[in-house]
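Welcome, and please open the model in your viewer. We will walk through it one selection at a time.

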Amino acid sequence: MYGQLGLPYIPPELREDAGEIEAADGGDVFGDLITERDIRGMVHCHTVYSDGRNTVAEMAQAAASMGMAYITITDHSPAAAYAGGVKEDRLPQQWREIAEAEARGPIKILRGTESDILRDGELDYPRELLESLPLVIASRPERHHADPETTTRPTIRPLDPPAPLPGRNGRCGSAQSPAGTRPAARP
Ligand SMILES: [Zn+2]
């Protein structure tokens, strides 16, 4: 189709009617887009501790074989009972596994969580625990979606410092780091 219009191919992620046609017409070949080779690590990964299918070590090995420099283990918090959320007393065991797997190399493994936003706007797990993690993903559970009027405040409340920032609504959010810590995307 682009050929028939006398234009070069426009990558799907640019098809926003935001000037890409004019840019293509002007000779831009969009050679500076992020590609798979630019991805350095993974920030949202589940293991058998919650609803994942692989162990911490297996996830780390798989990420290493894909050329990743790091991986973050972010299993579900206890409120996500549907996904086998990890109770607080099981976390030390997971952290030991992470330390052991990281010691075997070759990639960095960060501790994290996908913490459910609770009905009152607090995050699952005690705050001190959350603040000890390099990366916290705050997810609003799908079961809250039924009533948008009364769930907006709990959803935006974790944005208040020093709590972590939410990613997006739904079962799995995207990653943000707690205020005052280094973004895990650049460990
Ligand atoms: Zn998830």
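Here is a short tour of this predicted model, stop by stop.

**Stop one: a strand.** Select G41, which sits in strand β1, residues 41-45. G41 is partly exposed, because 19 C-beta neighbours lie inside 10 Å and a buried residue needs 20 or more. Leaving aside residues up to four places away in sequence, its contacts are M68, A69, Y70 and I71.

**Stop two: a helix.** A63 belongs to helix α2, residues 56-65, where V56, M59, A60 and A63 are buried. Look down the axis of α2: the buried residues fall within an arc of 100 degrees, so they line one face of the helix. An α-helix has 3.6 residues a turn, so residues three or four places apart point the same way. What do the buried residues of α2 pack against? Show β1, β2 (70-73), α3 (91-104) and β3 (108-116) to see their partners. Just after α2, pick G67, whose phi is positive, at about 90 degrees.

**Stop three: a cis bond.** Move to the loop between α3 and β3, where you will find P106. The peptide bond joining G105 and P106 is cis, with omega about 0 degrees.

**Stop four: two positive phi values.** Select D17, in the segment before α1 (20-25). D17 is not a glycine, yet its phi is positive, near 55 degrees. Is D17 buried or exposed? D17 is exposed, because 7 other C-beta atoms lie within 10 Å. Finish at Y125, in the loop between β3 and α4 (127-131). Y125 is also not a glycine and has a positive phi of about 80 degrees, but Y125 is buried, with 23 other C-beta atoms within 10 Å.

Definitions and conventions:
Residues numbered from 1 in each chain as written. Predicted model: local features only at pLDDT ≥ 70, side-chain atom pairs only at ≥ 80, totals over all residues. Helix = DSSP H or I, 4+ residues; strand = E, 2+ residues; numbered from the N terminus. Buried ≥ 20, exposed ≤ 12 C-beta atoms within 10 Å, placed from the backbone. Contact = placed C-beta atoms within 7 Å. Arc of directions from axis to C-beta.
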